Amino acid sequence: ITAVNAGYVDLAPRAGPLTDPVPPGWLSLGCYTDSSARTLSTRILATVGDSAALTVATCTTACGASAYSYAGVERGGECYCGSGIFNGGAPATSGCTMACNGNATEFCGGSWRLNLYQTNITSERCSGPNLTSNGLLPTLQKTGLPGQWRYVGCLQDNVGGVRSLPYQLIFPNTNNATTCLSRCSAYGYGAGGMEWGHECYCGDASDIPAAARFVPECLCDMACSGDPSSLCGAGNKFSYYEWTGTPLQQWSYPTGSDAGLYKFLIGGVVIPLITTVGINGKITFQAKFDNPLGAPNTTGAYEFDPFYDDNFNLAWREMHVKTDIFCSAGLVLPDKVGRQLTVGGWADVSTYGIRLYWPDGSPGVNGTNDWQENPSELQLQNGRWYPSAMIMANGSILVVGGESSRNGPPVPTLEILPKVGPTIYMDWLQRTDPNNLYPFLIVLPSGGIFVGYYNEARILDEVTFDTIRTLPPVPGAVNNDTGGRTYPLEGTLVTLPQYLPYKDPLTLLACGGSTPFVGNALDNCVSIQPEVPNAQWTIERMPSKRVMTCMAPLPDGTFLILNGAHQGVAGFALATDPNLNVVLYDPSKPVNRRMSVMANTTIARMYHSEALLMADGRVLVTGSDPEDPNYPQEYRVEVFLPPYLLSGLPRPAYTIQQKDWAYGGTYQIHVTTGNIKNLRVSLLGVVSNTHGNSFGARTFFPAFSCCYENVCSITAPPNSHVSPPGWFMLFILDGPTPSNASFVRIGGDPGLLGNWPQLHDFKIPGV
């Protein structure tokens, strides 16, 4: 039992004498370390006369008069004040051995040691210990803590109805310091506390409101539900702990050109729900029909030519679709002309839709081809709203999930295009509806298909589609395991770069999302190597919460995280507080050191927004269709310029002749600008983007060498499991700076999609 002095109590062991006073209205925190960076920010009473007369009382009185909540005495004659404990100040077991200049019976710190005090005006007094039911006296757990946590004190909670830490967990039978603090630190929170015996709270020390004070330690007198020998706070009081080790995460804050730049690009003609990069260097935009907030009467489909990004009249070519693509899935096919495909859609016949476009024209030159569809000739077997699609290793098209219509029953099946049999029922899609829409689909290098849906994941056999392995549950929020990553909770998932010789396990990264019902957006990314035995998820806290996340892979192997909101879920008028910031994720850095807070936009990009990489290295940022009077229906088109386009360094350039690559083949380029001794090559899958999904995204850094006269050789990835067949943007990088991309096809057309569909209203390129 800790001794009580006039109703106040020392919160940490001290090195001073027993006569060391604790001024009324203050708590002694004991002996603390100091440094040149200063544990307390402000020195006062710094004159010779003040120093000579210093006592603990004169220092605390001066700090209190200046509205500081912390006071510290050091070296016998120095007084410091502050609003918090900063710069690594921590309890010290020795060193506070110097007498105060103004009172030789008091100790005033030492060399780089503070006797530290905190204001605590409270009328609460201790009433004595509470014994457990078996007569034991529970104690505070101050040693044997997980990680690098330390006990701080008994902290008031819920003062004025404001929680001292924001995230509450209830552990009816398992709460203790280890359970609670391990959960907090796993999700990147360095402040934690237990209350009422069974409640755990997580957050940051900066979350604690100024009105919350430390009270006598003996007022935190309730036993832990998971350990009756330990104390876990009391009513509206935390047993409070802080993380004192290596920071749980470190975010970078670049400035100037290193932070990137948003720029307005051009006025739009539709609010796209799907944007797709064409191998003709253009981007197709597709919008839903009949926007109720008064969208212009357009065809709903256009092609944007970046060659004319400064000329609105020339930049847009009108196209046409017959059925509503609202919430369909998109792909670029591996046939020899890179046809674009959308499947599914909104209501009735549109949900069965299969639409194809053969890109033609070139930058600055209009094409003439249009979208082709005929529901009476070609349909999906099941109507699907919010499905996903993927090119399989064998070149076929896999279509998975969805619902039958708006808020309709689930479609818990998958099917193959071109049709090779009936649909296949998936019980896990039935069970997790409606939080599994737009499931994540990834071909795995070892064979099999990764599927991520809601807060679950599994690996399917690529032939039978039976489950090979069920992976651990996907982590959600620190206080809510039901948080999810797929629509309508909507985060997004990408594959991290693959490097030759392609022996390392593939890593998948999912960022953002939300929780059901209350719509608390998630503030973390999670990653896994699904092919590794006993694979587990790794959690990395993001600088801010984000739902309706978009991610754009970049040529240098990094990823932009952008768009969305801080609160809510995906859907019309279901989210608030736009997230205007871009985060750069660099997987080459250590875990929890990978994120940089980049530039901001002024345009809210909410539901139905997109982001994708263009062939010139810029990121096209489009859309926002919230149907919410608080946020505009957004037609403006922006670009984000990553730092590599703002450095002022010359961009490398190359020419290429052979653009149809076989697996494992070696192909030559001629470098016309750039230092061949400093070059590397990246291949980025051509993307169709909707609802945060980057269908087709994949990043490779292949074998690359240069020999003579600026002729360099690139070796294609080895097989269709490492690199599913498809079209890629080929960049060369001189240091951080990428070239413009050319489009190459890798792996051919093993599914013979170029011969499909052989129907009257469809033009096919052949194989």
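Predicted model: local features only at pLDDT ≥ 70, side-chain atom pairs only at ≥ 80, totals over all residues.
**Notebook: cysteines and cores**

I started with Cys59 and Cys79, which are joined by a disulfide with S to S at 2.1 Å; I count a disulfide when two cysteine sulfur atoms lie within 2.5 Å. Residues are numbered from 1 along each chain as its sequence is written, and side-chain values use heavy atoms, with hydrogens and water left out.

Back to that pair. The torsion about the S-S bond of Cys59 and Cys79 is about 80°, so I logged the disulfide as right-handed. Cys59 sits in helix α2 (residues 56-65) and Cys79 in strand β6 (residues 78-82), 20 residues apart. Helices (H or I, at least four residues) and strands (E, at least two) are DSSP runs, numbered from the N terminus. Both Cys59 and Cys79 are buried; buried is under 20% relative accessible area, exposed is over 50%, and partly exposed is in between (1.4 Å probe, protein chains only).

I searched the whole structure and got 10 disulfides. One of them is Cys184 to Cys202, S to S 1.9 Å. Its torsion is about -80°, so this one is left-handed. Cys184 is in helix α3 (residues 177-186) and Cys202 in strand β13 (residues 199-203), so the bond ties parts 18 residues apart in sequence. I found both Cys184 and Cys202 buried.

Next I checked Cys224 and Cys232, another disulfide at 1.9 Å. The torsion is about 90°, so it is right-handed. Cys224 has 4% relative accessibility and Cys232 has 0%, and each counts as buried.

Which cysteine sulfur is nearest to Cys327, which is in no disulfide? That of Cys550, 13 Å away. Cys327 is buried, at 1% relative accessibility. For Cys707, the closest cysteine sulfur is in Cys712 at 7.2 Å, too far for a bond. Cys707 is exposed, with a relative accessible area of 52%.

Then the cores. A nonpolar core here is a set of buried Ala, Val, Leu, Ile, Met, Phe, Trp, Tyr and Cys residues joined through side-chain atoms within 4.5 Å. The largest has 43 residues, and Phe304, Trp316 and Phe640 are among those with the most contacts inside it. Strand β47 (residues 637-641) gives the largest share, 4 residues. I also looked up Phe640 itself: its contacts (heavy atoms within 4.5 Å) include Leu261, Tyr262, Leu560 and Val619. A second, separate core of 42 residues includes Cys200, Cys224, Leu444 and Ala457.

Note on methods: Lists of a residue's contacts leave out its neighbours within four places in sequence.
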